[in-house]
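Have the structure open as you read.

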Amino acid sequence: MENMPLISAIVLNYRNPQYTVSCVQNLRKQTIADRMEILVVDNHSCDDSIGVLRNRLGNERNVRIIETPENLGFGAGNNHGARHAKGAYLLILNPDTEPEPEGLAQLVHLMEQDETIGIIAPKLEFTDKSVRDSFRRFPTVMDFIIKRTLLRHLLHERLNRYLRRSINPTETCDVEWVVGACMLIRRPLYELLGGFDERYFLFLEDTDLCRRCWEAGFRVVFSPQTIAADRKQRLSGNGFLPILFTKTGRIHVASAVKYFWKWRGKALPDTSRIRLPE
């Protein structure tokens with residue numbers, strides 16, 4: 001690439017090569033695709049992923065395929081890709097998430113208009129057009145428990161506050177944190193923060209990154225005017241039994257323990273600058 005890219009898109013693959021290929025093809029359709037590099041990171045899939053990726057994407061312009069030595073998890077896997085990035089912005093993108101063609105240009109425009117924005121994310125829509133809950137308040141232990149037990153029916157007002165359901169979902173606004181399925185972050189800020197905290201194998205690394213973004217004096221913004229298709233349901237689920245009896249659930253609990261231990265006794269970052277829609 002002769003000129004430095006505007007965006008370095010990191011697509012982390014784990015045993016999902018067909019979605020990853022589709023995701024890259026979608027990125028190639030972005031209106032600013034010629035200003036983008038795409039870093040496909042295979043997170044030691046131990047299946048035919050790397051062969052599929054090299055066969056389907058190996059000759060694509062501005063696409064680089066990177067292999068990790070082991071399954072590093074979500075945060076460390078994205079950090080591994082970010083070390084090869086050259087763009088002014090990093091796009092963290094799940095393979096099953098596809099922004100609309102003008103989406104990345106819209107997000108970059110908002111970032112370039114306001115230097116106080118550190119992280120920005122679009123609205124995520126499932127294939128049935130339902131909207132994914134993709135932003136929250138910073139969680140407490142009780143929020144974590146309420147959302148995954150029958151207490152959510154008894155304490156629904158508190159749950160609604162945690163999920164920020166009072167916010168107008170059609171207006172751009174500041175939020176405490178956004179999910180990492182599709183987020184754009186300034187690369188210098190990402191590097192300043194040290195990227196994702198690699199103590200989290202999966203889950204809550206996005207919460208942690210956004211919290212550190214606020215602490216560094218930058219805002220986290222949700223922009224529903226930009227839509228990204230989300231083709232898979234959340235891994236974590238809402239019930240308590242999946243948390244106890246599935247591997248993914250146990251990983252989620254482990255990440256929650258690490259998150260609450262890390263931030264124990266520490267005040268929440270100053271979010272008094274949060275801008276809500278009028």
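What follows covers salt bridges and then a cavity in this predicted model.

**Salt bridges**

A search of the whole structure turns up 17 salt bridges. Three of them are set out here.

| Glu 98 | Arg 231 | 3.3 Å |

Let's start with Glu 98 and Arg 231, whose side chains meet in a salt bridge. Glu 98 sits in strand β5 and Arg 231 in the loop between β11 and α10, so this pair ties together parts 133 residues apart in sequence. Glu 98 is buried, at 17% relative accessible area, while Arg 231 is partly exposed, at 28%.

Glu 176 belongs to the loop between β8 and β9, and Arg 164 to the loop between α7 and β8, so the pair links parts that are 12 residues apart in sequence. Glu 176 counts as buried at 6% relative accessibility, and Arg 164 is buried at 7%.

Asp 174 and Arg 219 are both buried. A network of salt bridges also links Asp 197, Arg 199, Asp 208, Arg 212 and Lys 262.

**The cavity**

How many cavities of 30 Å³ or more does the structure hold? There is one, and the largest cavity has a volume of about 40 Å³. Its lining includes Ala 121, Ser 134, Cys 182 and Phe 222. Strand β6 supplies the largest share of that lining, with three residues. By type, the lining residues divide into seven nonpolar, one polar and no charged.

Key: Residues are numbered from 1 along each chain as its sequence is written. This is a predicted model: local features need pLDDT of at least 70, side-chain atom pairs count only at pLDDT 80 or more; totals for chains, interfaces and linings use all residues. Side-chain values use heavy atoms; hydrogens and water are left out. On a 1 Å grid over the protein atoms alone, a cavity is a set of points where a 1.4 Å probe fits but cannot get out, and a pocket is an open set with protein on both sides within 12 Å along at least five of seven lines; lining residues have an atom within 4 Å of a point. Grid points are joined across faces, edges and corners, and a volume is the space filled by probe spheres set on the points. Helices (H or I, at least four residues) and strands (E, at least two) are DSSP runs, numbered from the N terminus. Ala, Val, Leu, Ile, Met, Phe, Trp, Tyr, Cys and Pro count as nonpolar, Asp, Glu, Lys and Arg as charged, and the others, Gly among them, as polar. A salt bridge is a side-chain nitrogen of Lys or Arg within 4 Å of a carboxyl oxygen of Asp or Glu. Buried means under 20% relative accessible area, exposed over 50%, partly exposed in between (1.4 Å probe, protein chains only).
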